[in-house]
Every structure is written in C-alpha cells, then in structure tokens.
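Please look over the sequence and the model before reading on.

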Amino acid sequence: RLEQPATDGDSEQQPVIDIVINNVVCSFSVRCHLNLREIALNATNVEYRRENGMLTMKIRTPYTTASMWSSGKVTCTGATSEETAKMAARRYARILQKLGFRVKFMNYRVVNVLGTCTMPFAIRLIPFSQQNRHLASYEPELHPGVTYKIKDLRATLKIFSTGSITVTAPSVSNVQQAIEQIFPLVYEFRKVRGPGDMPRTAARSHRGPHRAAVRRDRREFPVADEDEFDSLDDEEDDLADEDLMDYPDSDESWD
C-alpha cells in the first residue's frame, strides 16, 4: 500500500491518496520441458487442464497462482507487490526443481500491475470526457466509467463517478505516476453539493420527528378489548328499550 500526496496549487493543504496494489502479474521461464501430467501426479495444490495444455498451481505464502505450460513458460498472479511477486516466482521454480526438473530461473519480468485508489470527491464524468476527448472515451451504455490512457506510461485508467480510479500499468512506479498525472485533471471536475439539496434534506429531517410524534400520539390511546365492546353494546340496547317505552306508538295521536 502506497501513500501518494497529490499536488494541488490552489489548496494549501495537499490531500493524501492511498494507492492500493491489488495484483502484480509476472512471468518467467525455466528453460526446460515440463511434463504437466507428472507434475499433476506428484505435486500438491495443482489442477491439470489437459484440453488447454496448461497446469495451475497455488501456494499460500505468498498467496498466488501460477499457470504453467509444457514449453517451460510460467506466469504468476495474485501478488500485492513486486517483491512478493518475485518471491512467489522463485518458490514455484524451487518446487519444480524438487520434482526433478532441471530448472533455470530465466527471463523474469513484471508484466502488469493493477492498482486502485479513491479520490476524496466525486467526479463529473461527462464534462471530464468532453474536455479530454483526445485521451478519454466514455460509453455509459457499455461501461460505467471513463477510459483514460496515458501513452508515455503505458497506463490505462478507469475513472468512475464515485471517485474510484483503477489503474493498469507495467510497474508500480508507473501506477503511481499515472495517479499523480490524473489528479489535477479530475480535481477540476469534482462534484460539489449544491444548495438545492439542502432544503430536501431539511424537509426529510423535519418529516421524521413529526411522524414519530404522530405515532406516539397513537400509542396513548390503547385499543379496547372485545369484552369491553360487548358491554358497551349491551348498555346501548338497554337505553334503546327505555326510550321506546317513553314515546307513544306511531299510530297514537300526539294530542
């Protein structure tokens, strides 16, 4: 995990952005033929895919996965730094050496690095893509983010409206430089909460206590039991009989 201070000439206090390296892909060659079936029978934590002509092997420390071909080429994925990637590659080579293969650790290189970071603000993607249309492409129907490419660093960035940025580059240093270059560009199109959002928020907060008060008022009037309703009905019936006795029948005159 890297901490990169982003440059901003307007603000006195520079924000600190954490760049998290999620995956480092490396490759190397053992310079000998690999019998994948023999490796699958004698090694542990392996999966032999005969239809693809490939074997995958996993180790726990560092937690990585290697893809091996019979030609002797090996690719390793899952490391979180360049140091752990090389350590994992050498451990895979040592495992093959213990299985009886004449292994030589050759042509090691880091192929790709995946890093992510989150800006302390949201980003307006449409104006950003229009301002940088020569390097950025935005197709919201195909992908929710803007694809921005930096040719000299060979870096590709995926910029999302939430402020999250995903970077793929050949090395960790290129990922860091790509974030340094993209920060002043996206900072110009940061989202600021408008004044129109405050009344709606205030209205929602005002309705909340009012509804709670209404609910409390309803609780003050408990519901009567069925026996109480029956007793009330009996009293009403008695009163109705007494009233009928006081008044004359409809056929009698009122004189």
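This is a predicted model: local features need pLDDT of at least 70, side-chain atom pairs count only at pLDDT 80 or more; totals for chains, interfaces and linings use all residues.

Strand β10 covers residues 155-159. Its covered face is made of Ala 155, Leu 157 and Ile 159, while Thr 156 and Lys 158 make up the uncovered one.

| Strand pair | Direction | Bridges | Residues between the strands | Turn residue with positive phi |
|---|---|---|---|---|
| β9 (residues 146-150) and β10 | antiparallel | five bridges | four residues | Arg 154, about 55° |
| β10 and β11 (residues 164-169) | antiparallel | four bridges | four residues | Gly 163, about 100° |

Each of these pairs forms a hairpin.

**The nonpolar core**

Which residues have the most contacts inside the largest nonpolar core? They are Met 119, Leu 157 and Ile 159, in a core of 54 residues. Helix α4 (residues 172-187) gives the largest share of this core, seven residues. At least three residues of the core come from each of domain 1 (26-110) and domain 2 (119-194). In soluble globular proteins, nonpolar side chains tend to be buried together.

Apart from residues up to four places away in sequence, Ile 159 touches Ile 123, Leu 125, Phe 128, Gly 145, Val 146, Tyr 148, Ser 164, Ile 165, Ile 182 and Val 186.

**Two buried residues**

Gly 72 lies in the loop between β5 (64-69) and β6 (73-79). Is Gly 72 buried or exposed? Its relative accessible area is 0%, so Gly 72 is buried. With sequence neighbours within four places left out, its contacts are Phe 28, Ser 29, Val 30, Cys 32 and Leu 34. One of these, Ser 29, is 43 residues from Gly 72 in sequence, yet the C-alpha to C-alpha separation is 5.6 Å.

Thr 56 sits in strand β4 (residues 54-59). Thr 56 counts as buried because its relative accessibility is 11%, and the cut-off for buried is under 20%. Beyond its neighbours within four places in sequence, Thr 56 is in contact with Asn 45, Val 46, Glu 47, Ala 66 and Ser 67.

Conventions:
Residues are numbered from 1 along each chain as its sequence is written. Side-chain values use heavy atoms; hydrogens and water are left out. Buried means under 20% relative accessible area, exposed over 50%, partly exposed in between (1.4 Å probe, protein chains only). Contact means heavy atoms within 4.5 Å. Two strands pair if DSSP finds at least two bridges between them. A nonpolar core is a set of buried Ala, Val, Leu, Ile, Met, Phe, Trp, Tyr and Cys residues joined through side-chain atoms within 4.5 Å. Domain bounds come from an automatic or database domain assignment.
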